[in-house]
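Me: I am new to this structure. Please show me how to read a few of its features.

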Amino acid sequence: MIKKIDHIGIAVQNLEVAIEAYKALGFEVEEIEEVKEQMVRVAMLPAGESRIELLEATSDESAIAKFIEKRGEGIHHIAINVESIEDAIEKAKKAGMKLIDEKPRRGAGGKLVAFVHPKSTHGVLLEFVEG
Ligand code: CO
């Protein structure tokens, strides 16, 4: 059911500046996309079968803006690729985990995602990504 680490999400102040830094390290940008519902702009940088996801807030109301305000730039979440998002949510619920999304929603790339609260995962915001 758990397939791989899909991506690691990193909250950044300025997407273009961050992209330049990662390019200097040898990364390439796969795509840049705006996810309106989450008030973020996202750049995906492939790293083998995983990716780095750079996230820039497009509004002060965005979770990414709040994260940076509180903790500064840095690792925001780890995304796990699962076969079935419904199964993953069900399993987490059964285990008494605190979910941010009780139902899957559309994330970057139009994929179905759901977040598990860091309180239930020993301090790490966990994202399930289907497919
Ligand atoms: Co993500």
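Reply: Start with burial: a residue is buried under 20% relative accessible area, exposed over 50%, and partly exposed in between (1.4 Å probe, protein chains only). By that rule E53 is buried, with a relative accessible area of 4%, and H77 is buried at 3%. This is a predicted model, in which local features need pLDDT of at least 70, side-chain atom pairs count only at pLDDT 80 or more, and totals for chains, interfaces and linings use all residues. Residues are numbered from 1 along each chain as its sequence is written, and side-chain values use heavy atoms, with hydrogens and water left out.

Me: Which residues coordinate the cobalt ion?

Reply: Donors are N, O and S atoms within 2.8 Å of the metal (3.2 Å for Na, K and Ca); water is not among the atoms, so sites may look incomplete. Here the cobalt ion is coordinated by H7 (NE2), E53 (OE), H77 (NE2) and E127 (OE), at 2.1 to 2.4 Å.

Me: How are the donor residues of the cobalt ion spaced in sequence?

Reply: The spacing is H-x45-E-x23-H-x49-E. Strands (E, at least two residues) and helices (H or I, at least four) are DSSP runs, numbered from the N terminus. E53 lies in strand β4 (residues 50–57) and H77 in strand β5 (residues 74–82), so this pair ties together parts that are 24 residues apart in sequence.

Me: What is the geometry of the site of the cobalt ion?

Reply: Four donors count as tetrahedral if all angles lie between 85 and 135 degrees; four count as square planar and six as octahedral if opposite donors are over 155 degrees apart and all others between 65 and 115; anything else is irregular. The four donor atoms of the cobalt ion make angles of 83 to 168°, and the site is irregular.
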